[in-house]
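Hi,

Here is the structure I promised to pass along.

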Amino acid sequence: MSTRLLTVAAAQLGPIPRDEGRGAALDRLIALMRAAAARRARLVVFPEGALTAFFPHWFMDEPAEIDAYFEKDMPNPDVQPLFNEARRLEIGFCLGYFELAREGDVVRHYNTSILVDERGGVVGQYRKIHLPGHAEHQPRQNFQNLEKRYFDVGDLGWPVWRAFGGNVGMMICNDRRWPEAYRVMGLQDVELVLLGYNTPYVSVNGLDEPPHLPMFHNLLSMQAGAYQNATWVVGVAKAGIEEGVHQIGGTCIISPLGEIVAQAATEGDELVCATLDLDLGLGQKRGSFRFDAHRRTEHYGLIVERTGAKGPKD
Ligand code: ING
């Protein structure tokens, strides 16, 4: 029986300094893409916000200063070299970036990722739905997470596309902590979920927690999502101390059985590669997680209706 093998490279990035232009970041992305191609990868996955520093970590009020972190078009002259190199190497890629979108005379700002296939065709785009943190400056915190201030909530849902021989979907960072994100794609028979993250060691709500917990929760979220939806998950960090915020690494590739098959060892630019068997999840999809045989959706609503359950409140 033919198995659908796909070699994937998770391209972890170390910090991107606030004053580093996109050119320097592009050079790093292209170096990682070339290393991925040398490892015979057909797909390289870059982190969330892979072109600039993660600016939601500080307060800004000046629109022009904020918009400087956004891409007005994708591709555009700054990132075209990455698209050109991908086409030359015949490698696909997933890129996280900040998107300024004009919808008529309305301007929207999204935390976005794009999926490009080996022929340079844009397969799909995703706009982050779960925006953590706050809309207003939190002066008592050592650093901010102002994604609710700088970004609109994504309006594209969680689509799944046919690409690289399988069913591929994307999410971004905080999305990975919410089971709905995986399940919406699981219900579309997703086989490979690609995601990037910028995750500080100190939790954004300022709660002091033992230093091992951010990494534990990072891996727990992705391993659970992979296992419960019988899908591969590739999670890619922007890591290290970026503008004074120490971010976790832990870039990894997780199988549909929930096992970590490859993981980063550093907090810098590092390639984590594995050859994925896209058929590996079929046993689970036809067994333990055969949704049409085992899920009882007609019973799920009763609890919510009867109790009006809405989850924890402030
Ligand atoms: N970063 C963090 C994340 O979800 C966070 C924010 C950290 C939320 C820890 C809750 C706990 O990994 C982004 N960019 O979403």
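Below is what turned up on a sheet and on a pocket.

This is a predicted model, so to speak with limits: local features need pLDDT of at least 70, side-chain atom pairs count only at pLDDT 80 or more, and totals for chains, interfaces and linings use all residues. Residues are numbered from 1 along each chain as its sequence is written, and side-chain values use heavy atoms, without hydrogens or water.

The sheet is open, with six strands in the order β6-β7-β8-β9-β12-β13 and mixed pairing (strands are DSSP E runs of at least two residues, helices H or I runs of at least four, numbered from the N terminus; pairing takes at least two DSSP bridges). At the edges sit β6 (160-163) and β13 (260-263). Twist averages 20° from one strand to the next (axes are fitted to C-alpha atoms, for helices over the stretch in contact, with angles from 0 to 180 degrees between N-to-C directions). Helix α5 (residues 179-186) packs on the sheet, at about 160° to β7, and helix α6 (residues 213-228) also packs on it, at about 30° to β12 (contact: heavy atoms within 4.5 Å).

The second largest pocket holds about 210 Å³ (1 Å grid over protein atoms alone, 1.4 Å probe, an open set with protein on both sides within 12 Å along at least five of seven lines; lining residues have an atom within 4 Å of a point; volume is the space filled by probe spheres on the points). α7 gives the most to its lining, with three residues.

Cheers
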